[in-house]
Every structure is written in C-alpha cells, then in structure tokens.
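Here is a friendly walk through one model, from a strand to a metal site. Have a look at the structure first, and then we can read it together.

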Amino acid sequence: MNRVRSSWPRTGAALIVPVLFVALLAGCGLGEGGADRRAMPSQASATPRHDPGRPTTSAPRPTATAAPSIPEPDCATERCVALTFDDGPSAVTTPQLLDELDRLGVRATFFVLGQNVAACPEVVARAARAGHVIGNHAWDHRDLTRLSSAEVEKQLTTTSETIAAATGARPTLVRPPYGKVNAAVTEQIRKTGDVDVLWSVDTEDWKTKSKDVTVSRALAAGPGTIVLLHDIHSWSVAAVPEIVAGLQAQGYRLVTVPQLFGGTVPPGARVAPH
Ligand code: NI
C-alpha cells in the first residue's frame, strides 16, 4: 500500500509534466496565421483587474524593473536600422531570441499576436522588461481589410489590452497583418492615437525557411530601414547574430522603431528620412 502511494506522485508528475509542456508549446506562436486560434476574450476579462478596495499603486508593475543600460542612439546623425519581429511570441524561439539580443546588447521591436500574448504573457513581459518595444499585430492574424469596423476595433483593442495586462504598458504601434490597410483600418488605428508601422526590407524568412537567405536579405538594409523578420521561426532567430554583426560592421546601430524616428513614429512608417 505504501509503495503504491509513494510511487504515485512521481508517476503523476511524469505524466503531467510532458502534458503541460506540450500544452505550452501548442499555445504559443505556432506560425503565420496562427494554427491554434484562441478566442478573443471579452474586453472586460482582458482588462487587468484590481481589487477596488485597494489603491491601484499596489498592483504589480511588470515594467518597473529597469532595462539594462544601452546608450541612446541619435538616428538623425547615426546610421540606424530597426529589426522587427512579427507573429510571436513563441514559447520556444522568442526566449532564444531574447537571450541572443541580451548577449548582443541590441533592442528590437516585436509585433505580437494577441492570442499568443494570452498564451504566454511572461515572454512578452520579459521582452518589455529588457527594453524591447512591443507593438500590436492584431489578435489572430486576420486580414483586417476584410473585417467590419467593429471586428477591426475588437482585434486591435483586445490585443492592446492583453499586451497591457502582460507588460503594464499599452502599445502605441500597430502593424496590420500582411501589411494590409485600407481607409477603414487606418481610421481605426489612428482613432486611438496609435500609428501603423510597415517595413522597408522584407526578408520573406517565413517563405525561404533559410537562415542564409534571411541574413543576406537583411543585410541589404540602408540607413533608416525597418527590417521584417519573424521570431517564431528557428532559422530567423539563428540568422540574428550574423545580421547584427553584418550591419554593425557597416557602421549601423540596431535600434527600436521609436528610436529610429527620434521617439515620434509617423503614421504608415516604412523608413526614416535621411
Ligand atoms: Ni504577421
């Protein structure tokens, strides 16, 4: 009897741990378009809750930890390039990328899917704490130009609220999935004071599935370029050290999108003026 009882916790753990691990993988950044679609929560449940009887200052402040000090760039005088990573976070490849960016002392911009933030909020919180900029890439990678205004608003608002719940800060940058915008989508983005951010170099990493092609396309960047990559692909993450080394060898500073524009990102940003 004792033997049966004492062996159960180990057996149970042996069964439960892999199940949890698979569930975590399945829920976090499974690729372009999001094979694993999560329903959008109602706006009320996506909003961070606090006990009304307690002062809001007692709520956890995930971004309170200071990011490591990296000298602020001046992209009006320096040659700057912004690396941007879409469609994450992934529970597997995004932490690998964050480790690499820490090691390189480089900050980037992440346009995240709301459903993936809901699945692994701690990965996004870690990115924000490290000084990376988090932007909104809508909830589940729908083409926003094919949705009603109410659906577009829900895609963007729910994602912003989910990011705010994870990081403590509401994002102000939006990259519409596929870069597709029309007048209605643009109006919806700008109604909330947000700005849409596109790109000027597309590595097409999701299509080539090649680390080397991703590197060579990213190295075609010029001053003020916004480079599009995806942190959900292992080959894209593997390309980052060579991209950073190659651009730095050409005299570029790797910066976030707001840094590229001196802090104020113009709507529809693709490339910084020089
Ligand atoms: Ni995307």
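Which residue in β7 is the bridge partner of Thr 84? In this predicted model, that partner is Leu 228.

**Strand β7 and its neighbours**

Strands β1 and β7 run parallel and are joined by six bridges. Strand β6 (residues 201-202) also runs parallel to β7, with two bridges between them, and here Asp 202 stands opposite Leu 228. Six of the six residues of β7 are buried, so β7 is largely enclosed by the rest of the structure. Thr 225, Val 227 and Leu 229 point one way from the strand, while Ile 226, Leu 228 and His 230 point the other way.

**The nonpolar cores**

The largest nonpolar core has 33 residues, and Leu 83 and Phe 110 have the most contacts inside it. Elements that give two or more residues to this core include β1, β2 and β7, but α10 gives the most, with six residues. Apart from this core lies another, of 18 residues, among them Phe 111, Val 197, Leu 228 and Phe 261. Leaving aside neighbours within four places in sequence, Phe 110 is in contact with residues including Phe 85, Leu 97, His 132 and Asp 231.

**The nickel site**

The protein donors of the nickel ion are Asp 87, His 137 and His 141, lying 2.1 to 2.2 Å from the ion. Along the chain they follow the spacing D-x49-H-x3-H.

| Residue | Relative accessible area | State |
|---|---|---|
| His 137 | 2% | buried |
| His 141 | 2% | buried |

Technical notes:
Residues are numbered from 1 along each chain as its sequence is written. This is a predicted model: local features need pLDDT of at least 70, side-chain atom pairs count only at pLDDT 80 or more; totals for chains, interfaces and linings use all residues. Side-chain values use heavy atoms; hydrogens and water are left out. A nonpolar core is a set of buried Ala, Val, Leu, Ile, Met, Phe, Trp, Tyr and Cys residues joined through side-chain atoms within 4.5 Å. Buried means under 20% relative accessible area, exposed over 50%, partly exposed in between (1.4 Å probe, protein chains only). Helices (H or I, at least four residues) and strands (E, at least two) are DSSP runs, numbered from the N terminus. Contact means heavy atoms within 4.5 Å. Donors are N, O and S atoms within 2.8 Å of the metal (3.2 Å for Na, K and Ca); water is not among the atoms, so sites may look incomplete. Two strands pair if DSSP finds at least two bridges between them.
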